[in-house]
Amino acid sequence: MKLPRIVRQFGKRIVKASPVLRRHILTSTDYRVLGGLEEARSMTASSSGWLAARTVARQERAYRSLIAAMKRGEPRLDFGVAAEAVAATGIGNPRLLEVGCGSGYYSEVFATLLPGGVRYTGIDYSDAMIARARAHYPSTAFEVADATKLPYADRAFDIVFNGVSLMHIVDYQSAIREAARVASRYCIFHTVPVFAQYRTTFLSKFAYGAPVVEVVFNKQEVMSLCEGVGLHLQREWPCIPYDVREATGQRSTTETYLFARQ
């Protein structure tokens, strides 16, 4: 039964007013601009963040309803955009590596939304994420690996798909370079948070109750980094709303990019 609107609004105010409640109920909260790269590195080194089993379990619960809606024929915008970007490569049943796969739910997204499917491999630096992915998708290939030092040969995959993880990689320059190295034909950077004009900014936040580092990018920097490693922009899509203006004073959004490898 749906609660009356006034009750829901009152409940939201209570949650937002309490640090404990909002950090454990809201998906993302308590954004703070960091001093720069060194502070971001220090926080990443000291925080369990995405490595914690509790964080993994909470993220999985959040996506469970989205996967169910997708299977009912109601995919959220970002799921649809991801499938469209892969389809736009024109490769049937491509060898696809997902970098930063989390609990592996995009393997299910592609299997559901792409008629020909993909030959999927997922990697994540979090043992807890990979353990959960293997438990849910035992017939799918998952490995623990570092996005900045991929354990694969040059041009090993038709497509390297970085889905919602570039924003959590402090050494994002290396992650972009490694994606380009391992891709034989295309790289997709999906749901990338960007500023149109403002500088790339490191933030901290609580995601699923855990402190993590996040990067919101200057769009032109992303384009320049990709061009510098031989990637050429083919298409871009607007993706789900994501505005960190309250913390930064600058409007942001998310976009998905399809790059062809030279």
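The structure is a predicted model, in which local features need pLDDT of at least 70 and side-chain atom pairs count only at pLDDT 80 or more, while totals for chains, interfaces and linings use all residues. Residues are numbered from 1 along each chain as its sequence is written, and side-chain values use heavy atoms, with hydrogens and water left out. The chain has ten helices and ten strands; helices (H or I, at least four residues) and strands (E, at least two) are DSSP runs numbered from the N terminus.

**Overall burial and contacts**

- Of the 262 residues in the protein chain, 52% are buried; buried means under 20% relative accessible area, exposed over 50%, and partly exposed in between (1.4 Å probe, protein chains only).
- The chain exposes about 12600 Å², of which carbon and sulfur atoms supply 53%; accessible areas come from the Shrake-Rupley method with a 1.4 Å probe, and for residues only the protein chains shown count as cover.
- Contact means heavy atoms within 4.5 Å. Among contacts between residues at least 6 apart in sequence, 71% join residues at least 24 apart.

**Nonpolar cores**

- A nonpolar core is a set of buried Ala, Val, Leu, Ile, Met, Phe, Trp, Tyr and Cys residues joined through side-chain atoms within 4.5 Å.
- In soluble globular proteins, nonpolar side chains tend to be buried together.
- The largest nonpolar core holds 42 residues, and those with the most contacts inside it are Leu97, Val160, Cys187, Phe189, Phe202, Phe217 and Phe259.
- Apart from this core lies another, of 39 residues, which includes Leu66, Leu96, Cys239 and Ala260.
- Leaving aside neighbours within four places in sequence, Phe217 is in contact with Leu166, Met167, Tyr172, Val192, Pro193, Val194, Phe195, Thr200 and Val222.

**Residues with positive phi**

- Val164, a residue other than glycine, has a positive phi near 60°. Val164 lies in the loop between strand 5 (157-163) and helix 8 (172-182), and is partly exposed, with a relative accessible area of 22%.
- Thr191 is likewise not a glycine, yet its phi is positive, at about 55°. Thr191 belongs to strand 6 (residues 183-195) and is buried, with a relative accessible area of 5%.

**Surroundings of Lys71**

- Lys71 is in helix 4 (residues 53-71) and is exposed, with a relative accessible area of 54%.
- Not counting residues up to four places away in sequence, Lys71 touches Glu108 and Thr112.
- Lys71 and Val109 are 38 residues apart in sequence, and their C-alpha atoms are 9.0 Å apart in space.
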